[in-house]
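Thanks for making the time. I will go through one structure today, starting with the charged pairs and ending with the surface. Please have the sequence and the view open.

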Amino acid sequence: MGSLFMVSTAEAVKLRKVAKRYADIVAVDYVDLDVKYGEIFGLLGPNGSGKSTALKIILGLVKPDSGSVSVLGIKAEDDPISVKRQVGYVPESPRIYEFLTGLEYLDFVGDIYGLDASEKKARIEEYLEAMELEGREGDMISSYSQGMKQKIALISAFMHKPKLLLLDEPLSGLDPRSARIVKDLLRKLATQGVTTIMSTHILEIAQAMSDRIAIMYEGRLLALGTMKELSQKARLPESDLEDIFLKLTRTEDIREVVEALLK
Amino acid sequence: MNWRNVFRLISVEIKAGRLVRGQRLRRYRERKIFQYLLYGGACLLGLAIGIGAGSFYTGVSDPDLKVLFDEGALSLFLSIPTLVLIFSLVFTMMRQIQRMGVRASLQPPYWLPITWEEHTLASTLANLIGTPLAFLILLISAITTVSIYLEQIPLATITILALLASAFLASTTTEIFRILQVRLTGAVYKSTGKAAVWVRFLGSMLFLIVFYVVWFAFTSGTGSIALIEAVAGAQNAVWFLPYVWLGMSVAAFMSGLLAQTVVFSLASLLFVLVLFYVAVKLNARFGLYEPPAITISRGVYAPKVGFLGKLGFSSLEAAVIKKDFKAFTRRRELMYIFITPLVFILMPLMQYLGASGGYFSSGGSRFLFAWILLVPGSIMVFMLGLMIIGEEGESVWLFFSSPITARSLVKCKYAFVTIFSFVVMLFCGVVGILLARPSLDIVIALLIESILLIFALGAVSLGAGIKGADFTEVPRPRMVRPLTVLVYGLLCFVLALAIFSPLLLHAVTMRYIPISIYLPKIDLYVAVSISAVVALVVTFVFHKIALRNAEEFLTKAEI
C-alpha cells in the first residue's frame, strides 16, 4: 500500500518506498510511513508481517534494498551514529550480556551513551527502584527471569533520554506493575516530545496507548490511522481493535479453525 | 526402554551439533554422504592398515620375526579394551570441557514423555558420536582384517565386543562425572557467595591444568608401542579394578582360560549395568538442577572514574574493555583461553623432560626460552583477535544500535587483545627465564620480538575476527568461522615467520642453529631492528584493514 503516507512538517521518522527482501521472502514491501514527534505509534501485524524488520530499518540495523529513511531529521545512512545516539531500542527477546550483573550492564550502557557518572548513578537507581529490581541488581543476569531481563533491556533503552524509542514487544514478560509503569512512562515522555514506535501483538495495549496504529501484513502497510479511522476503514464501527485487525488481515476465520481443532 | 525414543534423541543431538554451521541458516539440510564420510573413511583406513599389516605378516619368511609379530599383535589385542577405555574417557571428557559454554541444552526437553533411562542412554551414546566412533570403526575394521591373516577370528570377535563395551563404559563414567560436576559446582557457588566467580574461574583452570598434565604425561615421551606394552602389563597388576576387567577377559581368552573369560566378561557386564543404573539415578536426582544465582556486588552503587580514561580511552571504549575483561573471567567457554599459555609451556617442557631427563643443553635452553616467550603470547593474541568480536554473540545488537564508531571499536578491541597478550607474554617470560636461564641479550631481543609479534598478529587477527565473526550461540558460541581461522592461521604463521626471520638468520650465522650455510654474521640488534620494521609495516597495513572491516561491519549490520 504505497499511497498510505501523511504529509507533515514534523516527522520524527519518515520512510519512503522502503523495501527489503530476504531471498524469496518479502519482509517489507515498498512502505511509506510518517511518524510525528511526540507520537506513540503502534505497529501491528501477524507473525512474520515485517514489523521487526521495519523497526530495524529505522534504526539502521537492516539496510533496505530500496527507498529512503529519515530519522529525527537525519538521513540514517548519512549519519548513523547521530541517529543511534538519540534512539533507545529494545529488540524482540533482547539478548543481553548474561555474565554481567544488572547493575554492571546498566553502567556499561550508560558509558556507551556517554552519561556522566552522577547522572548515570541517579538514573540507574531511579529505574531499578521503579522496576523493583533492587536487591537483585548485583546478581548475574544469567540468573534473571525473562521478565527481569526485559526490564533491564527497557531501562537501558530509556536511561540516556532518547528522542525516539523503538520498542519491539516492550511489555513482553513484564509483571502488571512494571507494565503499567512503562505505559505511563511512555505517555509522559510523549508529552515531552519523545516519539515511540512500538511493535506489539497485544492489541489491547496498542489500542489503549497508541495515538495512531499501523497494521502490517506480508510486508505491506495494510492500514494506518487512529482507532476511529481504522474502524471506519474496516467498516466495523464500535468494534475493538481485535475485530478490526482480524478483518483487515483477513484472519477472522477463527470459529472454523477452532471447530476443526476440536474434531 | 523405548528404543525409538533413544535413537530419535541421539539423532537430535547429532543434528544439534551440526546445525551451527553456516551463518544464516534458514533450513536444516543434511547431506547424508558427508554425514557418513568420516566413518566410511575410518573404515577404509582400518581396512588398509589391516591389509597392510596382514600382507606384511604373510610375506615374512623369518620365523623369529613372525613370532615377534604374533606377540605384538596379541599384545595389541590384549590392551585394546583398556586403551579404548582411556581414549574414550579422555575424549568424552574433552567434549564435556568444550561444552562448558553451551547455552542451549542439547538434552531433550524434560517435559516430553521420555524416561530417564532413555535420556541417559541417548546422552551416553551421543557422547561417542563423531571422532570416538570413527576411531572405534577404524580399530574394528583393522582388527577384523588383520585377524583373518593371523587366523585369530574368535579372539578378534571377543576383542571387538570388549572394545565396544569399553567405549560405553567410558562414556557412562563421563556422564556420571558431568552430573556430579554440575551438582558439586552448584553447591560450591552457593556456599562461596560473592567469591563464586573466582572460585569458578580458578576451579576451571585447575581442572584444565590437571587434565592436560595427565594427557601430556600419557602422550609424551613413552610412545604408542610403549604405552600398549605398559597397559598390557599394568592391567594384570590392577585386576581388582572393574575398569580393566574387559581387558582381563580378552587376556583370559587368549590363555585358553574359559572359566576366567566367562567370569570377567559377566563381571564387566554387571559393572557396566551398575554404572549405567547409577548414571540414570543421578540424572533423575540432579538432572534438573539449576545452579544458584551468583551475586557479584552488594551495597551502594558508586560509578568508578576509570584508570582507562587516564590512558586516553573514551568512556565508551573503557566500558567495552572492562566488559570484555569480565567476559573472559566469567564466561566458561572463554576461560578456556587462559589454558593456552599453560599448554604451550607444558607441552615442550614435558617433551624435554621426557627426552633429556631434566637436563637442558645451551641450544636447548635457548630454544625452550624462545618457545615459551614467543609462542604462547602469539597464539593468545591470534586467538583473542579472532574471537573478540564474535564473542559478543547475539548481544551484538547492542553494538549495532549504539553510537559506537569503527575507530572506537577497533581501538578498544585492539587494546584489550594486545594488553591481555602482553600480560600472558610477561608471565611466560618469567617462567621461561626461571626454567632456561638465558643470557640478558637473548632476553631483551626475544622480549622485543614478542612485543612486535603481539602488535602485528593482533592487528591481523582482529581484522580477520571482524570479517569472519560468527555470532551463533546455540548450541555453543562459535565466535569465528572455521575457514577464517584456517586462512588467517596460515597468514599469521607466514607473517610471524617473516617478522622473526632476521632473528633466525642471526641464529644461523651465529651457529646457534647447526645449519652448514656460510653467511656473514648479522648483529643481534640489527636483526631485531629489521624485525621491527617488518612488524611495523604489517601492523600498520592490517590495522587499516581492521578499520575498514569495522566500518563495513557496523554499516552492514544485519541482525
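Counted over all chains, there are 30 salt bridges in this structure. This is a predicted model, so every value I quote is computed from it.

Take chain A to begin with. A:Asp34 and A:Arg16 form a salt bridge, and their closest N and O atoms are 3.1 Å apart. The two ends sit in distant parts of the chain: A:Asp34 is in strand β2, A:Arg16 is in strand β1, residues 11-22, and 18 residues separate them. Is A:Asp34 buried or exposed? A:Asp34 counts as buried, because its relative accessibility is 2%, and the cut-off for buried is under 20%.

Now chain B. B:Lys411 pairs with B:Glu317 in a salt bridge, with 3.2 Å between the closest N and O atoms. Here helix α17, residues 406-436, supplies B:Lys411, and helix α13, residues 315-330, supplies B:Glu317; the two are 94 residues apart. The two partners have their own accessibility values. B:Lys411 is partly exposed, with a relative accessible area of 35%, whereas B:Glu317 is buried at 6%.

Another pair in chain B is B:Glu391 with B:Arg331, whose closest N and O atoms are 3.0 Å apart. This one joins two loops: B:Glu391 lies between α15 and α16, B:Arg331 lies between α13 and α14, and the separation is 60 residues. Both B:Glu391 and B:Arg331 are buried. Which residues are linked with them in a network of salt bridges? B:Lys323, B:Asp324, B:Glu392 and B:Lys413 belong to that network, along with B:Arg331 and B:Glu391.

Back to chain A, this time as a whole. Its secondary structure comes to ten helices and ten strands. Along the principal axes, the C-alpha atoms fill a box of roughly 55 × 50 × 40 Å. A compact globule of 263 residues would have a radius of gyration near 18 Å, and chain A, with 19 Å, agrees with that. Of those 263 residues, 57% count as buried.

One buried residue is A:Ala27, with a relative accessible area of 7%. A:Ala27 is in strand β2, residues 25-36.

Next, helix α9 of chain A. Its buried residues are A:Leu241, A:Ile244, A:Phe245, A:Leu246 and A:Leu248. In general, an α-helix has 3.6 residues a turn, so residues three or four places apart point the same way. After α9(A) comes A:Arg250, which has a positive phi, near 55 degrees.

A:Asp243 is found in helix α9, which covers residues 241-248, and counts as partly exposed at 36% relative accessibility. A:Asp243 is part of a surface patch of negative charge, together with A:Glu204, A:Asp240 and A:Glu242.

Last, a nonpolar patch on chain B. What makes up this patch of about 510 Å²? The residues are B:Leu258, B:Val262, B:Leu266, B:Leu269 and B:Leu273. B:Leu258 belongs to helix α11, residues 258-286. With a relative accessible area of 59%, B:Leu258 is exposed, the cut-off for exposed being over 50%.

That is where I stop.

Key:
Residues are numbered from 1 along each chain as its sequence is written. Chains are lettered from A and ligands numbered from 1 in the order in which they are written. This is a predicted model: local features need pLDDT of at least 70, side-chain atom pairs count only at pLDDT 80 or more; totals for chains, interfaces and linings use all residues. Side-chain values use heavy atoms; hydrogens and water are left out. Patches are made of residues with over 30% relative accessible area and no salt bridge: like charges are joined within 9 Å, nonpolar side chains (Val, Leu, Ile, Met, Phe, Trp, Tyr) within 5 Å. Accessible areas come from the Shrake-Rupley method with a 1.4 Å probe; for residues, only the protein chains shown count as cover. A salt bridge is a side-chain nitrogen of Lys or Arg within 4 Å of a carboxyl oxygen of Asp or Glu. Helices (H or I, at least four residues) and strands (E, at least two) are DSSP runs, numbered from the N terminus. Buried means under 20% relative accessible area, exposed over 50%, partly exposed in between (1.4 Å probe, protein chains only). Lys and Arg count as positive and Asp and Glu as negative; His and the chain ends are not counted. The place of a charge is taken as NZ of Lys, CZ of Arg, CG of Asp or CD of Glu. The radius of gyration is taken over C-alpha atoms; the globule rule is 2.2 Å times the number of residues to the power 0.38.
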